[in-house]
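Here is a short tour for anyone meeting this structure for the first time. Take a look at the sequence and the model, then read on.

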Amino acid sequence: LAKEATTAGAAGTVVGARAAGVGEAVAAMVVSEVISQLAEFVRARLNSLGKARVVQKLKVSLFESMLRQDLEFLEQCDLWQLRSLIGSCGTTVSQVLDFPAVAVEAAVRLLAALAALNQQNA
């Protein structure tokens, strides 16, 4: 590329074609990045909506189960602990659902870095 640009610089045709090719590549990279960012935004929104639905159903189910218990059970239990349990189920569900995705992402990044290092050293 550099050799062609220096040898054909007098004619100007190859230099102009290479500059147009670089411009097209940059434009393609920008479009690719915009699509990637939009996809990430949609994925994050759907992920949070799905988690919110799961947490809502879990809280309703847990609260219904507590209401079905005898009054003696509720008197024996620490109500603050039960309240904390209901309040923290969102965090717990989020951690459980996010772990596989985070683990796969970290593994792919590690493999990509190792492949890039291997390619650079080869």
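This is a predicted model: local features need pLDDT of at least 70, side-chain atom pairs count only at pLDDT 80 or more; totals for chains, interfaces and linings use all residues.

Val22, Val26, Val30, Val34 and Leu38 make a nonpolar surface patch of about 440 Å². Patches are built from residues with over 30% relative accessible area and no salt bridge; nonpolar side chains (Val, Leu, Ile, Met, Phe, Trp, Tyr) are joined within 5 Å, and like charges within 9 Å.

Residues are numbered from 1 along each chain as its sequence is written, and side-chain values use heavy atoms, with hydrogens and water left out.

The protein chain has 4 helices and 0 strands; helices are DSSP runs (H or I) of at least four residues and strands (E) of at least two, numbered from the N terminus. The mean pLDDT, the predictor's confidence in each residue from 0 to 100, is 80 for the protein chain, and 84% of its residues reach 70 or more. Confidence is lowest in helix H1 (residues 2-7), with a mean of 48, and highest in helix H4 (residues 79-121), at 86. Of the 122 residues in the protein chain, 7% are buried.

Now for the charged pairs. The count comes to 4 salt bridges, each a side-chain nitrogen of Lys or Arg within 4 Å of a carboxyl oxygen of Asp or Glu. Among them are these:

| Pair | N to O distance |
|---|---|
| Arg43 and Glu40 | 2.8 Å |
| Lys51 and Asp98 | 2.5 Å |
| Glu64 and Arg68 | 3.8 Å |

Which parts of the chain does the pair of Lys51 and Asp98 link? Lys51 forms a salt bridge with Asp98. The pair links distant parts of the chain, with Lys51 in helix H2 and Asp98 in helix H4, 47 residues apart. Lys51 counts as buried because its relative accessibility is 14%, whereas Asp98, at 25%, is partly exposed. Lys51 touches Ser94, Leu97 and Asp98 (heavy atoms within 4.5 Å), not counting residues up to four places away in sequence.

Arg43 and Glu40 are 3 residues apart in helix H2, so about one helical turn separates them. Glu64 and Arg68 are 4 residues apart in helix H2, again about one helical turn. Glu64 is partly exposed at 40%, while Arg68 is exposed at 60%.

Definitions and conventions
Buried means under 20% relative accessible area, exposed over 50%, partly exposed in between (1.4 Å probe, protein chains only). Accessible areas come from the Shrake-Rupley method with a 1.4 Å probe; for residues, only the protein chains shown count as cover.
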